[in-house]
Amino acid sequence: MRDSSRRSSFLLAFAGASLLVLTACGSQQQPAPPTPEVSVIKVAPAPVEIADELPGRVVAYRVAEIRPQVSGIIQRRLFEQGSEVREGQPLFQINPAPFRADAGSAAAAVKRAEATLARARTQEQRLATLARSDAISGQDYDDAVAARAQAAADLAQTRAELDRRRVDLGFATIRSPISGRIDQAVLTEGGLASTSDTNPLATVQQIDRVYVDVRQPAERLEALRAAARKGAANSGAPVDIIVGEGRVHGVKGRLLFSGISVDPGTGEVIARVEVPNADRTLLPGMFVRARLPRLAQPDAIMVPLQAIAHMGDQTSVNIVDARGKVQARKVVLGDEKDGKVIVESGLKPGDVVMVEGQDRVQPGATVKPMPWRNAAPAR
């Protein structure tokens, strides 16, 4: 009985001591959680240019099909196939003998007509004296005047025929109308060159400068026009040409405003770019890529894409105010470039935008802003 009473007293004392310990522990204040760290950037206006890289096709600056203007047998080919030729350089020689004979015959006809006119003029002058003294009738003098006029007309006709025959004789030597590179010849010596043949004897292409025709959606036509107008003072907006395996052509092209048209079949804009090509690297028919300017802003505000939050059709960013509080801000976005997007409205210079850490905080929370370090490699 005494042991039982002693055990009960011990349990009561232990329980009381435990209660005192628990009460003391409960009265101590819990430590506050640490302020979350977030990555931020301070936005500032900066110039930005955006271009569209699109496929294009190289077109010769000028193309001349070499066709005969008189028919005849080709005696000589006067050029090396695939070589550079000059404007006016002889390319083919057609047998000139028939045309030289025709020119000689026409020259003889001119001399005959000159003699006839001289005789008619003398006759008219002689009869004029007789007509003033009424030695002959007026009809005889009128006939002499008409004969002199007809002889003058015949002389003019024969001279025109001589000029035509000389032109044909000149056409027997076929010359290049432009300077450029000539391709293979269709006919060789002994072949018949005919004015009715649909195939040209050869083709000359001027490629010391070339065109690159690029297609893109018609809705970007106004942007192309703006780029062309902006570059008009500098001979056209500059365009990079990409050749080979991503290699940039050493010389920039220029966007031609006059070369912009809309393909009625596809509704696409066909933009023409002129590119200097002194080293003949770009050849007609070659497919390349062109970076056409689409947008140029001198003071654009851009933020990383991961800073943008999408809620339905609305977009927003989180900013950190001077007190370290998070605020949501609706924004209107523009074009993207290199992992960033242009903010058309909703931000102003100096705003601190949260880039990383949005998933750990809510608007109104206090955060510790840290500079954002872009891990992506610079382009």
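Me: Relative accessible area under 20% means buried, over 50% exposed, and in between partly exposed (1.4 Å probe, protein chains only). Why is Glu268 called partly exposed?

Reply: Glu268 has 30% relative accessibility, so it counts as partly exposed. This is a predicted model: local features need pLDDT of at least 70, side-chain atom pairs count only at pLDDT 80 or more, and totals for chains, interfaces and linings use all residues. Residues are numbered from 1 along each chain as its sequence is written, and side-chain values use heavy atoms, without hydrogens and water.

Me: What makes Glu268 and Arg215 a salt bridge?

Reply: A salt bridge needs a side-chain nitrogen of Lys or Arg within 4 Å of a carboxyl oxygen of Asp or Glu. Here the N to O distance is 3.7 Å. Glu268 lies in strand β13 (268-276) and Arg215 in strand β9 (202-217), so the pair ties together parts 53 residues apart in sequence. Strands (E, at least two residues) and helices (H or I, at least four) are DSSP runs, numbered from the N terminus. Arg215 is partly exposed, at 39%.

Me: How do you know whether Asp168 is buried or exposed?

Reply: Its relative accessible area is 8%, so Asp168 is buried. Its salt-bridge partner is Arg164, at 3.4 Å, N to O. Both lie in helix α3, four residues apart, about one turn of the helix. Arg164 is partly exposed, at 46%.

Me: What parts does the Glu53 salt bridge with Arg291 tie together?

Reply: The closest N and O atoms of Glu53 and Arg291 are 3.1 Å apart. Glu53 is in strand β2 (46-66) and Arg291 in strand β14 (287-300), so the pair links parts 238 residues apart in sequence. The structure holds 20 salt bridges.

Me: Why are helices α2 and α3 called roughly antiparallel?

Reply: The axes of α2 (97-132) and α3 (138-171) come within 8 Å and cross at roughly 165 degrees. Angles under 35 degrees count as roughly parallel, over 145 as roughly antiparallel, 65 to 115 as roughly perpendicular and the rest as oblique. Therefore α2 is roughly antiparallel to α3.

Me: What makes β6 and β8 edge strands?

Reply: β6 (173-175) and β8 (192-193) each pair on one side only. Their open sheet of four strands has the order β6-β5-β3-β8, with antiparallel pairing. Two strands pair if DSSP finds at least two bridges between them. Strands β3 (72-77) and β8 have two bridges. In β8, Ala193 is the bridge partner of Gly72.

Technical notes:
Axes fitted to C-alpha atoms, helices over the stretch in contact; angles between N-to-C directions.
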